[in-house]
Amino acid sequence: MAQLFHRSSNTLSKVSIFAVLFLIAGALAFLYAYHNSDYMTYVDVPREQPVQFTHEHHVAGLGIDCRYCHTSVEKSSFAGIPPTETCMSCHSQIWTNAAILAPIRESFRTGIPVKWTRVHDLPDYVFFNHSIHVAKGIGCESCHGRVDKMPLMWKANTLYMQWCLSCHRDPAKNIRPRDQIVTMGYKPSEDQAVLGPKLVNEYHVNVKQLTNCSICHR
Amino acid sequence: MQNDNQTSNRKALDNPSFTEHLANKTGRQYWRGLEEIAETTEFREMVDREFPEGASEWLDPVGRRNFLKLMGASLALAGIGACAKQPEEKIIPYVKQPEEFVPGKPSFFATAMPLRGYATGLLVESHLGRPTKVEGNPDHPASLGATDAITQASILGLYDPDRSQTVLSRSRIASWDSFKTAIAAEVGAWKAAQGTGLHFLTETINSPTLADQMRQLMATYPNAVWHQYEPAGRDCVRDGAKMAFGQYVETTYRFDKAEVIFSIDADFLLTMPGSVRYSRDFSAMRRTSGEMKGMNRLYALESSPSVTGAVADHRAALAPAAVEQAAWAVGAALGVPGVSAQGSSPAVDALGKAWIPSLVKDLQAHRGRCVVVAGDEQSPAVHALAHAMNAALGNVGTTVVYTDPVEANPTNQAASLAALMQQIDSGKVDTLVVLGGNPAFTAPADLKFAERYQKVRLRIHAGEYNDETAYLSHWHLPLSHYLESWSDARAMDGTVSIVQPLIAPLWDSKPLHEVVSILNGTPSATAYDIVRAYWQGAKSAPAPASAAAPAPGDSTAAHAAPVAVSAGPVASIAVNGDFERGWHQALYRGMVAGSALPPKSPTLNGGWATAAAAMLAATPAAADAFDILFRVDPMLLDGRFANIGWLQEVPKPLTKLVWDNALLVSPATAKQRGWKTEDVVEVGYKNLTVKVPVWEMPGHADGCGTLYLGHGRTRSGRVGNDVGVNVYAIRTSDAPWRAAAATASKTSDCYRLVTTQTHYSMEGRDIVRYGTLAEFMANEKFMEERHHEPEIVSLYKEHTYKGHAWGMAIDLTACTACNACVVACQSENNIPVVGKEQVNNGRAMHWIRIDRYYEGDAAAPAQHFQPLTCMHCEKAPCETVCPVGATVHGEEGLNEMVYNRCIGTRYCSNNCPYKVRRFNYLLFTDLDTPTYKMMRNPDVTVRSRGVMEKCTYCVQRINSARIEAKKEGRMIRDGEVVTACAQVCPTEAITFGNINDKESRVAKAKKSPLNYALLADLGTAPRTTYLTKLRNPNPELEKGA
Amino acid sequence: MERLQSPDARGIAPNPPVLAKGYTYDAITEKISDLSLNPKLTKGWLGGFSIAITLAGCMVVAIVHLLFTGVGIWGNNQPVGWAFDIINFVWWIGIGHAGTLISAILLLLKQNWRTSINRFAEAMTIFAVACAGLYPLLHTGRPWLDYWLFPFPNSMGVQQQFRSPLLWDVFAISTYASVSTLFWFVGLIPDLAVLRDRAVKPLARKIYAILALGWRGSAQHWRRYRIAYLVLAGLSTPLVLSVHTIVSFDFAESLIPGWHTTIFPPYFVAGAIYSGFAMVLSLCIPLRKAYGLEGFITARHLNNMAKVMLAMGLVVGYGYAMEAFMAWYSGSPHEMGMFINRTTGPMAWSYWALIACNIVIPQTLWLRRARRSTLWLFIISIVVNVGMWLERFVIIVTSLYRDFIPSSWHTYVPTIWDFAMFFGTIGFFLTLFFLFIRYVPVISIAEMRELSHEVEHGHH
């Protein structure tokens, strides 16, 4: 029979070999990108809340300490979401009629809590503990980002395991003096490359142990 | 809710209604939240659904699974497996957060669990109002920090979806209000009739408040009669005391002072009330680690093998009649006044040669430092004899303590029930109120309770389950679980505990106190008020001379319960006059200080011996007769726990049987009668028969067989129904424990019995090491010399562990195979129940198992127990073979298992020489039943299908302790981390801690020359090691034997 | 040619030829290509195919049920974590060996009797590996996570654990599969071209044309073809040894008595070749009968394969003997216990059946008569296949179900799904094979032509 393949197909075949390689590489790259995209991770995506609570105003504007609302952050695994009465402690005095606060007043009256949308949500098999991180000099900012610049709350980091590990493998990068925990936009007093290891020592951070599986998974 | 963002049972926790309801509660009330949830749809759904999905997972063999359903389920799983987008979730704070309450931290509350008339003090762990784990109260005399398996499993009882959830009127759903209105009329009538025709049937009551309420009840209805019946009751103990002293006394033993113990068929280490405390005291006298206080010596006579017999230094298996004769022979040899040998049999004569004489010598050599214990199942005569022996040996006041009874109203309950039946026949019973208990199932068969019960015009039943009795009653009233209700109870030494609820009733149930007060015409009182009021001593009306109606019928007169309850509280709760302070102290400490009963020294009746001898003569001692022994099931007791899967699946201590009972007979008897294990035989007694499979049990006495009560329930719930055989069917009122001269004939059927351990011999391998105290005293290192350990040389540089290095030492001398650790572990680590089928497939999930080996001849074998859990090998074979690194080694020497990384190749399990890894071959965890979600420990991942799991040394506890320690910048202190198994162990057989800390208890234990590693020659370097089992046999008898 | 005639010189009865007389180029081409181009759809083919595909259907059902319900549908338990799944895996991989061995090693050794059998031996290899590959992927508790076995950039920040033999398997098997497929296809190209040229139906032409990759049979093509073929042969030669060596590590690397032994690598390879040749025989004996290929696959071939089997059988026998010896020599109660239990325990039947199938019965192959009897060879080949399956059963199950601590001993009972999966894969294998003999030249036309050329010259 007549040749099915034209001469050009020689070249074509050669090209196609590479084409296939690039295709595969491309597909992988795409998946990786997709997996790390905001769509998947919600990073930098402000989340709708029943009440348009702005950290920016309360933190930057009024300078309220994180721990005023997140009371158990130093005691417990859970930092604590303020009960309605905490909101009311101020808002029974000011903005008492602000429409935006209606749900809060409603909740206080009926006793039905406000259902906030969870912004930072770890998988069920991850056991994270706020108190120990705070105690060992990991600032709020390191994980939650510049909360003082967030009108509505969003995730500043993926919270993917490799992200956790990046710090658990080398906490010196992020560790800061305990008195700077809640500082937003913290600048190390000296070169972090020097300060970091020093604090790791001073706070008895057992870096080798930080990457043990059972530290977070049990 | 909030703090549980990391838990795996979030669905339950984020159940909005749940949190809403919880949220707006403050302070003490917060558990009320759950009561309202009971109104919400989620819970209604579950209440109404007859078979919540997934619950059947337990019992269905794979073949019967609903294919489509699983399709759905697994597709979902597959979705999770792939990198799916995380679903949006809500986070729900309180509206008013309770004070002193840190979300994310568990709180502990002191309470007590009343059971069979005795209380055990507890500390219960609570996560945001959900009790999740039961621990013993270290200050409580009956607990000392330990508990038994049953108490551990009571948490599952609380969340059992099959518990009675609503008032039933003629088996139709009704409400408390409808009951109150309905009963109001009756109350009027009763009052008019002075309560004539009104009868109450209760279990043994030891709650002072409840007793007082009963007294008032009897005051309100002077002609009413109060009957009591406890299926596994202590009538023999009571009557024995009466025979010996002419009065009821409570007998408690101080095994911590006893150097020689003679047990007459007494299972004081497991099934006898007080066993937890007794185990602790007993093992304290045979500690081989730490400083050694010598070792006690236990002689045991028994017919049916018990764990007590298994750990005895000298055990003789005798037919029931022979046990009594032997006891008498000992009594006679001891020269107890008025006691002469009664009858004789070859077996006893054989003992007479050496066994009895050396026992007697031993006892006499330890006057005041020995103790004679008679089993609850032994006849009153034997108990009287035991009392006399203890008196003769000067043990009273030292090792044997007598007090007034802790139960409110001691009486011969069998007779009390019989009297009730008699009065029903004579038409005197118009209304019968069953307050707790399940007589329709547990009453002696010859009384035909169910039949007679239905002759009563008005039948009211109050119970935790809609059970056999509820089914026959006009009214069924759901009773609250002890973790749901206010009450009080007394320990065996009389110590009073206030029972405080950890959670509001999950369903529409009420505590017994409130039911009684409804009957008494005060329907509004709450248990909280009733209990408090009682302790405030605000009681007025003194007890009427006789609440018991002068009812005709001699037996009735004798047994219609004279109410012997003093007016006012049994002890003062107030601390120097301040009630509130005292009350809170009692709640905080879990008991009322100084409320233990004062010891008394009753004197023996002159005529006890003749009476006892007469009673003995009365019992037939036919040589060739086949006796049936009834015993409570070591895990299910009288059957009230039949619906608790944990207790059904935990292997019975000696047989290792699960989900069944059987006729236990000695191999010799089986051979002689041509039976084999799993043959079905028909056992008959007094023209009552029951078909039951045979189980050949080494060490069982010949010529008799044992049947465990509590199986074969028909209305216990999904789990317990039709599991095993109901042997109450042949248990009669005249022979509650021993049916002499029963018949047993083989049928053609065969029945599959399932056990977790199919091989009972050590095959001559070096697995359980044991020796005698004498050998040890002669040469501390005798074990090391006997088993020469090969030097393990490694090609690699040895890793040294800095900081903490966790390790465990298990004392084989102390372990009594009571199973407390197994169930505690199951509760702490969210371990699923798999059901009989799967256990049969070798897929039981227990992280810790207790191996049992037999040695020597089948008639009198040596029995060895060995708790086996993950050894946390320093050179773990499982770690090197996992392709994805799902099991790895931690800094502190833990062998860590990462569920979420595991893909389930099972290579690690294959390569584990100890075979302690457990694989989720199917979706064993019930992910659907809402109450189970509330039960689970939020600090432990709930495992799904296809994942390997195993003991983690309770890493969740280690982590929380480490975090606290690190926050304070210190090391973890010894005893700060206790694994669930170590914490619960009644005999303190398990020691856990940091082996790098030379001062830690575990390090010291491991220094003992008795310490050895299992399969050490494999070079796995296990972190869990064992202390050689030591026995303390009488040298004379060792020679003889 | 000498190699053929030397026997005469030594006065021994002449070996039968590797190619019957009278096969000219045309005859060969005619005969073989016709099988694919205008086949008479015999009842045999249809019947066999439908049976095979039905069984394959069972496999599909079994797999679906497995994915939705979990490995619990199998009989596996504690302590027997691996059973039919891994038995079948090793069995198929073993069978997969003959192909590469014949095509690669015999090629390098210039064993011309390989030519008429290498094609379907290779095909068999690929199909067997395909079946084998299913098991490791499906036997995991969470198959949807199997991709964690392959190194890839991920957001977990963790990678595989390269100390695990299972991971070595992943690479060994995938390499083996890809190389042998490539090898097979390259060998096919000239024949596909022949089919292209002879095909009548336009569709068939097109398909063959595409597959033939424009082969024109120019000297240039042939030169490149030969190089490529040799290179691939060189590549796959070590694989023959490596693959089953690594599979054997799954066991040898562990510490379970009966697994933990150094003899496994050679002993597994021998066993693999053993079963491989057995399978080739079981396939080619019916094949040559059904399609009258006696001219191509002559008694000479059967004879040689029989000899190879005999030799391998003896090596395997040595392996068994060594296990026994080591059990005694180690002095370990566990090793000893394992062996005693294997030979006398509840599952002793499997051990003795295996000895009978793999050692005793094949000894008849010492007799020329046995080697010359097609029927007997067929029977033996089946027996050996069964025996080799039993060998894996003995190694895996009877080692696991009673190991160190008697308390954890537990028996093993396969379920209906275990068998559904096993026979299912056999069906899957046969289905592929039936399709193969239907659409692809079962014997290499090109090489047969060469061979005939050789033979011709040998006779002049």
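A salt bridge is a side-chain nitrogen of Lys or Arg within 4 Å of a carboxyl oxygen of Asp or Glu. The legends below describe close-up views of a predicted model.

**Figure 1. Salt bridges where chain B meets chain C.** Between chain B and chain C there are two salt bridges. One of them joins B:Lys915 to C:Asp403. The closest N and O atoms of B:Lys915 and C:Asp403 are 2.9 Å apart, and the pair counts as a salt bridge because the cut-off is 4 Å.

**Figure 2. The contact of chain B with chain C.** Chain B brings 66 residues to this contact and chain C brings 61 residues. Together, chain B and chain C bury about 5,000 Å², and 58% of that area lies on carbon and sulfur atoms. Across the interface of chain B and chain C, 38 residue pairs are in polar contact, both residues being at pLDDT 80 or more. On the side of chain B that touches chain C, the elements that each supply at least two residues are the helices α5 (67–81), α30 (836–840), α31 (877–881) and α32 (907–910), together with the strands β30 (849–855) and β34 (918–919). Helix α5(B) has the largest share of that side, with eight residues. By residue type, the side of chain B that touches chain C holds 33 nonpolar, 20 polar and 13 charged residues.

**Figure 3. The contact of chain A with chain C.** Here 11 residues come from chain A and 15 residues from chain C. The area buried between chain A and chain C is about 1,100 Å², with 65% of it on carbon and sulfur atoms. Chain A and chain C have zero salt bridges between them, but four residue pairs are in polar contact, both residues being at pLDDT 80 or more. Two helices of chain A, α1 (8–35) and α9 (161–169), are the elements that give two or more residues to the side that touches chain C. Helix α9(A) gives the most to that side, with four residues. Seven nonpolar residues, three polar residues and one charged residue make up the side of chain A that touches chain C.

Figure 4. B:Thr772 lies in strand β28 of chain B, which covers residues 770–772. B:Thr772 has a relative accessible area of 12% and is therefore buried, the limit for that class being under 20%. Apart from its neighbours within four places in sequence, B:Thr772 is in contact with B:Phe782, B:Leu1030, B:Arg1031, B:Pro1033 and B:Glu1038.

Figure 5. Over all chains, the structure holds 70 aromatic pairs. One of these is formed by B:Phe255 and B:Tyr278, which are edge-to-face, with 5.1 Å from centre to centre and 75 degrees between the planes. B:Phe255 sits in the loop between β9 (250–253) and β10 (260–264) of chain B, and B:Tyr278 in helix α10 (residues 275–284). The pair links distant parts of the chain, 23 residues apart. B:Phe255 is buried at 0% relative accessibility, and B:Tyr278 is buried with a relative accessible area of 2%. In chain C, the ring centres of C:Tyr351 and C:Trp352 are 5.2 Å apart and the planes stand at 80 degrees, so this pair is edge-to-face. C:Tyr351 is buried, with a relative accessible area of 6%, whereas C:Trp352 is partly exposed at 46%.

How values were computed:
Residues are numbered from 1 along each chain as its sequence is written. Chains are lettered from A and ligands numbered from 1 in the order in which they are written. Side-chain values use heavy atoms; hydrogens and water are left out. Contact means heavy atoms within 4.5 Å. Buried area is the accessible area (1.4 Å probe) that two parts lose on being put together, summed over both. A polar contact is a pair of N or O atoms within 3.5 Å; within protein, one must be able to donate a hydrogen and the other to accept it, and residues adjacent in sequence count only if both atoms are side-chain atoms. Ala, Val, Leu, Ile, Met, Phe, Trp, Tyr, Cys and Pro count as nonpolar, Asp, Glu, Lys and Arg as charged, and the others, Gly among them, as polar. Buried means under 20% relative accessible area, exposed over 50%, partly exposed in between (1.4 Å probe, protein chains only). Rings of Phe, Tyr and Trp (its six-membered ring) pair if their centres lie within 6.5 Å; planes under 30 degrees apart count as stacked, over 60 as edge-to-face and the rest as tilted.
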